[in-house]
Amino acid sequence: MRIVWIMLWITAEIFAAQNTKSYECTKIFEDRKNELLVELSRIDEQRQSLDALKKATEELLRKKEAAVQGKDTKVDQKLSEIKDREASVKKMLDENKKVLEQIKQIKSDKVSQTFAKMKPSASAQILSQMEASDAADIMSTLNSKVVGQILAKMDPKKGSEITGKLRSVPEAAK
């Protein structure tokens, strides 16, 4: 009987050891499962934070793009205004040039008329006192008969100088 008791006791110990080992494995698995659940919740929190950051960044980018687009529109408007002003200034400059040319022409015509009405000797005396280029400019507006009469009354040296300048006066001025 003692052997039976020993056998029974050994069998009980074996079952107890197996139950303990089974309990220890279950406990390890439960602990690991809890660790994994904690890690999973931490990863989920980080993913949510990343998603929120991504949305905030995208929103900020949209706002910046809208601001840049608005500035581009303003720059385009300013550029358009500048081009319009430039065209306006160019138009005014062209008009001013035309008016200036008209004034010069009227002035030249008056001077020419004055010299044409004067006696050749008086004209010759005045033109002899002027720079040769200025005298040539004035004489280029007179008709050739009057020019000939004025040159005939001038000092030959001054007359030849003015004649040389008359040859180099552009055709547009003649």
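**Entry 1. Overall layout**

In what order do the elements of the protein run from the N terminus on? I read them as α-α-α-α-α. The model is predicted, so I noted that local features need pLDDT of at least 70 and side-chain atom pairs count only at pLDDT 80 or more, while totals for chains, interfaces and linings use all residues. Residues are numbered from 1 along each chain as its sequence is written, and side-chain values use heavy atoms, with hydrogens and water left out.

I found 5 helices and 0 strands in the protein. Helices here are DSSP runs of H or I with at least four residues, strands are runs of E with at least two, and both are numbered from the N terminus.

**Entry 2. Burial and the core**

I next looked up burial. Of the 174 residues of the protein, 12% count as buried. Buried means under 20% relative accessible area, exposed means over 50%, and partly exposed lies in between (1.4 Å probe, protein chains only).

Which residues touch the most other members of the largest nonpolar core? I listed L127, M139, L142, I150, M154, I162 and L166, out of 15 residues in this core. At least two core residues come from each of α2 (120–129), α3, α4 (144–153) and α5 (156–168). Helix α3 gives the most, with 5 residues. A nonpolar core is a set of buried Ala, Val, Leu, Ile, Met, Phe, Trp, Tyr and Cys residues joined through side-chain atoms within 4.5 Å. In soluble globular proteins, nonpolar side chains tend to be buried together.

**Entry 3. Salt bridges**

How many salt bridges does a search of the whole structure find? I recorded 5. The term stands for a side-chain nitrogen of Lys or Arg within 4 Å of a carboxyl oxygen of Asp or Glu.

I took the pair E35 and R32 to begin with. Their closest N and O atoms are 3.1 Å apart. E35 and R32 are 3 residues apart in helix α1 (residues 2–117), so about one helical turn separates them. E35 is partly exposed at 47% relative accessible area, and R32 is partly exposed at 45%.

I then turned to R42 and E39, whose closest N and O atoms are 2.2 Å apart. R42 and E39 are also in helix α1, 3 residues apart, and therefore separated by about one helical turn. R42 is partly exposed at 36% relative accessibility, and E39 is partly exposed at 34%.

For the salt bridge of R62 with E59, I noted 2.9 Å between the closest N and O atoms. These residues are 3 residues apart in helix α1, about one helical turn. R62 is partly exposed at 47%, as is E59 at 36%.

I also found D44, R47 and D51 linked in a network of salt bridges.

**Entry 4. A charged patch**

Which residues form a negative surface patch? I wrote down E131, D134, D137 and E161. Patches are made of residues with over 30% relative accessible area and no salt bridge, with like charges joined within 9 Å and nonpolar side chains (Val, Leu, Ile, Met, Phe, Trp, Tyr) within 5 Å. Asp and Glu count as negative, Lys and Arg as positive, and His and the chain ends are not counted.

I located D134 in helix α3 (residues 132–139). D134 counts as partly exposed because its relative accessibility is 39%.

Note on methods: Accessible areas come from the Shrake-Rupley method with a 1.4 Å probe; for residues, only the protein chains shown count as cover. The place of a charge is taken as NZ of Lys, CZ of Arg, CG of Asp or CD of Glu.
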